[in-house]
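Let us walk through this structure step by step. Keep the sequence and the 3D view side by side as you read.

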Amino acid sequence: MHLDQGLRAPTTSPGKSLRSLSLSAAVAFGVGLLTLGGIASAEEVTTSHGYSTFGELKYGPDFEHFDYVNPDAPKGGIHHTWDLGSFDSLTPYTEKGNYPTGAWAVFEGLMTGTLDSLDELYGLIAESITYPEDRQWVSFKMRPEATFADGTPITADDVVFTVDAMQNRGQLRYRVYFGEIEKVEALGPHEVKFTFAEGAAVRDLIPLVAGMGIFSEKYFEDRDFSESSMDPPLGSGPYQVDSVAAGRYVVYKRNEDYWGKDLPVNVGRHNFDRFRIDYYSDQAAAFEAFKAGEYTFRGEVNADRWITQYNFPAVRNGDAVQAEIPARTAPNAGGMFFNLRRDTFADPRVREAIITMFNFEWINETMFHGVETRASSFWERTDMRAEGVPSPEERAVLEPLLDELPDGIGDILNDPVVEPYKGRNGNLRDRGRQRQALRLLTEAGYTQENGQLIGPDGNQLKFEMMFGSPDAEQYLSPFAQQLQGIGIDASLTLVDSAQWRERAETYDFDAMHVFIPVSDTPGNELRDTFGTANANVGGSLNVPGVASPGIDKLIAQIEKADTREELTIKVRALDRVLRAMHLRIPYWVRPSSWIAYYDYYQQPDTLPEYGAGVGSIWWADEARYEELKSEGAIR
């Protein structure tokens, strides 16, 4: 389970990963009558160079490159960054092993997304896409010139093999996503058709099959797809694994013979010759390595470090740069998540009381110089964030589900959306906060006896908070002390990446510090994150163990939303319910991404709306790199 284990720096991989699984299906662009596989079809179908979820495509069939790239960007140089933890496998598609950042990037899909739209895909391995109005099937005409890195052609049979492998031997989440593909057929050497199951959430399935990485059937003739491996996998992307040391670093090298380098979707992209990701055990060690020039690009998430510690010589003399880039996509939903499978957290008032004791105001003022904003929504920074009391449209969504929603969420139709308790002062020992928490615990049947909170079962309220990033201890430690101060036996346990994964996947935790990925176009991935079917399946993203028929039905409605407006209303309704359940102690969010890099990186004049695109559209000034290296700024 590849969840962020701590407040870690965002790293940039050499391409888009399969996280775009949740992009949803589209509106027609150029309708006509076609013949597929020699069989005449009377239904009205769409054939296009691209696919848009909600609305028309931005780029026409003859576009030369994306607006946000520099088509004349030079090739060369290195993008050298870092990650936290470790890895022992290069196979990101199996249940076994931990894979490194960028592992998915060696594979390509039939289509690719953009950084200036949330919902558009354009042809990559496929030169065109065809689908009917009801989107129960989709076909792709593939480019005959597309090849894997060893020069062998990518065929429709490889696509069929990929789907079979994902359905039967891939990670749990992929088996779930691909389970609604009823049939995949090779209509010819370079034409493939997908037929979806009756009643499937088809809006998400076309982007799923369009964006999936394609594997070589021949490559796996003598390899076990389900096993992890440190052998560099065979993909078709612009970068392939060049060198690797398990748990220490991985280097991806640009393929000079990459088949698709001149496609419009690739012009001005993939400019670095190499990507290197070094691995560190903790944030402090990683930061010291950056200061010493051992790697050259860093995302920063710690406000105190950003404000007070970036005054080292390379920054002072201009060899390294600090920059803030506006962030407009939903951040991962971070926090200390409760394990609802534990009896300790069965009562939502207990969870709410613990959340109340998290003194964000003091943490922000004392540790983060007051620059952070408290998070509460699972879709912060988006218009899918629930606000105030439900709108009439949200009420209409929620009312039919009331009897099937979780207990203890209050009057969801009329109450304002749940926000974390806000203290009236910046003192760590906040009397008002303590009174509110104790009131909730008293209502839940707890009493204070000899300095301990004793529950209805006669035992002290006790739980462990598991975390994998030493950075988190600075604010979790005073939080634990405050909980102990009101009689809760709260403890902290720092685990390494191997322990963290094992305990996370077996749900062997009381509360876990974790960042769960969310989508800007939510859809079928919500089943993995909050669906009942995955509440007790090891390896799913349903960390807290949410199991609610009402939430399942709400997710099904989100999957079938036909417009962005409808999707927004229904996601707000889900956000409202999840927040009322008190699933996590939410942390904080900021409107910008903080990055630091050595001064040889170059970027386009205008960055795209939905990402800086460091790895895909920036480039290296090699002369400046050599200058920094000769000065000793870079090692």
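## A guided walk through the model

Setting aside neighbours within four places in sequence, threonine 91 touches Tyr99, Glu227, Ser228 and Ser229. This is a predicted model. Threonine 91 sits in the loop that joins strand S6 (78-84) to strand S7 (111-113). Is threonine 91 buried or exposed? Its relative accessible area is 3%. The limit for buried is under 20%, so threonine 91 counts as buried. Its side chain also makes a polar contact with the side chain of serine 89, at 2.7 Å.

Serine 89 turns up again around methionine 230. Beyond its neighbours within four places in sequence, methionine 230 is in contact with Phe87, Asp88, Ser89, Leu90, Val244 and Ala246. Methionine 230 belongs to the loop between helix H3 (202-211) and strand S13 (239-245). It counts as partly exposed because its relative accessibility is 27%. Now look further along the chain. Alanine 533 is 303 residues away from methionine 230 in sequence, and their C-alpha atoms are 32 Å apart.

Most residues other than glycine have a negative phi. Arginine 135 is not a glycine, yet its phi is positive, about 60°. Arginine 135 lies in the loop between strand S9 (126-132) and strand S10 (137-142). Its relative accessibility is 15%, so it counts as buried. Histidine 582 also has a positive phi without being a glycine; the value is near 55°. Histidine 582 is in the loop between H15 and S25. With a relative accessible area of 9%, histidine 582 is buried.

What is the volume of the second largest pocket? It is about 220 Å³. Helix H7, helix H15 (564-580) and strand S25 (584-586) each supply at least two lining residues. H7 gives the most, with three. By type, the lining of the second largest pocket divides into eight nonpolar, four polar and four charged residues.

H7 also takes part in the packing around helix H10. The buried residues of H10 pack against helix H7 (348-356), helix H8 (360-367), strand S21 (452-454) and helix H11 (473-485). Which residues of H10 are buried? They are Gly432, Arg433, Gln434, Ala437, Leu440 and Leu441. An α-helix has 3.6 residues a turn, so residues three or four places apart point the same way.

Aspartate 430 caps the N-terminal end of H10, with a side-chain oxygen 3.1 Å from the backbone nitrogen of glycine 432. After H10 comes glycine 445, with a positive phi near 100°.

The walk ends at H11. Its 13 residues should also span 18 Å at 1.5 Å a residue, and its end C-alpha atoms are 18 Å apart, which agrees. The buried residues of H11 are Tyr475, Leu476, Pro478, Phe479, Ala480, Gln482 and Leu483. Glycine 487 follows H11, and its phi is positive, near 105°.

Terms used:
Residues numbered from 1 in each chain as written. Predicted model: local features only at pLDDT ≥ 70, side-chain atom pairs only at ≥ 80, totals over all residues. Heavy atoms only, no water. Buried < 20%, exposed > 50% of the residue type's maximum accessible area, 1.4 Å probe, protein only. Helix = DSSP H or I, 4+ residues; strand = E, 2+ residues; numbered from the N terminus. Contact = heavy atoms within 4.5 Å. Polar contact = N/O pair within 3.5 Å; in protein donor to acceptor, adjacent residues only side chain to side chain. 1 Å grid on protein atoms, 1.4 Å probe; cavity = no way out; pocket = protein on both sides within 12 Å on 5 of 7 lines; lining within 4 Å. Points joined across faces, edges and corners; volume = space filled by probe spheres on them. Nonpolar A, V, L, I, M, F, W, Y, C, P; charged D, E, K, R; others polar. Expected span 1.5 Å × (residues − 1).
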